[in-house]
Structures are given as C-alpha cells and as structure tokens.
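Here's a quick briefing to read alongside the sequence and the 3D view. Take a look at the chain first, then work through the points below.

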Amino acid sequence: MSNDEASIRRNISTLYRYGQAYIARRIESTNIGSGQYIFLTTLYRMGGVSQEELSCYLQIDKGTTAKAIKKLEAGGYLVREIDLKDKRAYKIFLTQKGLDLVPTIQAEVEQWEKLITSGISDEEKKCIERILHKMAHNAHNLNKSRGVSTRE
C-alpha cells in the first residue's frame, strides 16, 4: 500500500469526521445527532419513502436507519404513516417541525462546504466532485461484485 492510498483514505475520513462534528455543533440545540440530519435532508428531497428505501438510497444499514428514525420520530421531526398501496408497510414523512429545520441544516452544510473549499477554484471543485464520484462508484461496484452491502 502506497502512502498516496493511505493519504486518500485518511483525508476523506478526516473531512467526514470534522464535517460531522461541525454540523453537530451547529445544530446541537435540536438534539439531533450528526448522523441523523442526513435522514431529514433526504426525506425533504424524496418525500414519503419506506425505511428500507431510505436505507438503500443512503447506503446505510437497516439497524442504523431504524435507530435514527425512532429518535427523529420521538423528537417530533418525522412520522410514519401506513402506505396506501401496501397496508403492511409504512412511509416516513417529515412533520412541520422537520420541514422547518431542514433549511437550517442545509445552510450549515453549505457553510461547511464553503469553509473547506476556501481558496479552491470552481474548476478545481468540479474536478474534485468528478473524482470523488468516480471513487464512490468504484467502491459501490466493488462491494456489489463481492456481495458486500452497507445496508445489512
């Protein structure tokens, strides 16, 4: 393993951890953990979806999704409603409290991105996005071909 490979992993991990800590600090008054806001912003974009669809879309294991949904529901940020097409299933929707919070979360995420991309040109940002997208795609395909899932 070359130092470049370790450096890529280390830097991605560092950005993720610092980003989660930054967002957690910025929204701590909501009692939402840094790992939970992604569920709110995703539900905001996708509308009512099942818990399984949410896990699949986010590539997060079902247990983690279930815990996050339970906490967010207890906090009044979302509700589960019976799926009209399948009475055995539930769809998850944001409450007004959840809807009201999402713009704040989005603003904090945008601020974080602005802070960490300070001094980076638009062209460089687009290049970074393309490269990271390719890396994520490669990781997805590799795990898929080996039968590995993040949603177990």
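In which helix is T42 found? T42 is found in helix α2, residues 37-46; helices (H or I, at least four residues) and strands (E, at least two) are DSSP runs, numbered from the N terminus. This is a predicted model, where local features need pLDDT of at least 70, side-chain atom pairs count only at pLDDT 80 or more, and totals for chains, interfaces and linings use all residues. Residues are numbered from 1 along each chain as its sequence is written, and side-chain values use heavy atoms, with hydrogens and water left out.

**The overall picture**
- The protein chain has six helices and two strands, and going along the sequence they follow the pattern α-α-α-α-β-β-α-α.
- Along its principal axes, the C-alpha trace spans about 50 × 40 × 25 Å.
- Of the chain's 152 residues, 25% count as buried; buried means under 20% relative accessible area, exposed over 50%, and partly exposed in between, with a 1.4 Å probe and protein chains only.
- Take the contacts (heavy atoms within 4.5 Å) with a separation of 6 or more: residues 24 or more positions apart account for 53% of them.

**Around helix α2**
- T42 is buried because its relative accessible area is 0%.
- Setting aside neighbours within four places in sequence, T42 is in contact with L54, Y57 and L58.
- The buried residues of α2 are Y37, F39, L40, T41, T42 and L43.
- Just after α2 comes G47, which takes a positive phi of about 75°.

**The nonpolar core**
- The largest nonpolar core has 23 residues; such a core is a set of buried Ala, Val, Leu, Ile, Met, Phe, Trp, Tyr and Cys residues joined through side-chain atoms within 4.5 Å.
- I32, F39, L40, L43, L54 and L72 are the ones with the most contacts inside this core.
- At least two residues of this core come from each of α1, α2, α3 (51-58), α4 (62-74), β2 (90-94) and α5.
- I32 touches I27, Y37, L40, L72, Y77 and L101, if you don't count residues up to four places away in sequence.

**Helix α5**
- With 21 residues, α5 reaches 31 Å from its first C-alpha to its last, close to the 30 Å expected at 1.5 Å a residue; the expected span is 1.5 Å times one less than the number of residues.
- α5 bends by about 25° at V102, and a proline, P103, follows within four residues; the bend is the angle between axes fitted to the seven residues ending there and the seven starting there.
- G98, L101, V102, I105, E108 and W112 are the buried residues of α5.

**Rings**
- The structure holds one aromatic pair: Y22 and W112 are tilted, at 5.1 Å centre to centre with 35° between the planes.
- Rings of Phe, Tyr and Trp (its six-membered ring) pair if their centres lie within 6.5 Å, and planes under 30 degrees apart count as stacked, over 60 as edge-to-face and the rest as tilted.
- The pair links distant parts of the chain, with Y22 in helix α1 (residues 3-26) and W112 in helix α5 (residues 96-116), 90 residues apart.
- Both Y22 and W112 are buried.

**Strand β1**
- I82 is found in strand β1, residues 78-82.
- I82 counts as partly exposed because its relative accessible area is 44%.
- Leaving out neighbours within four places in sequence, I82 is in contact with K87, A89 and Y90.
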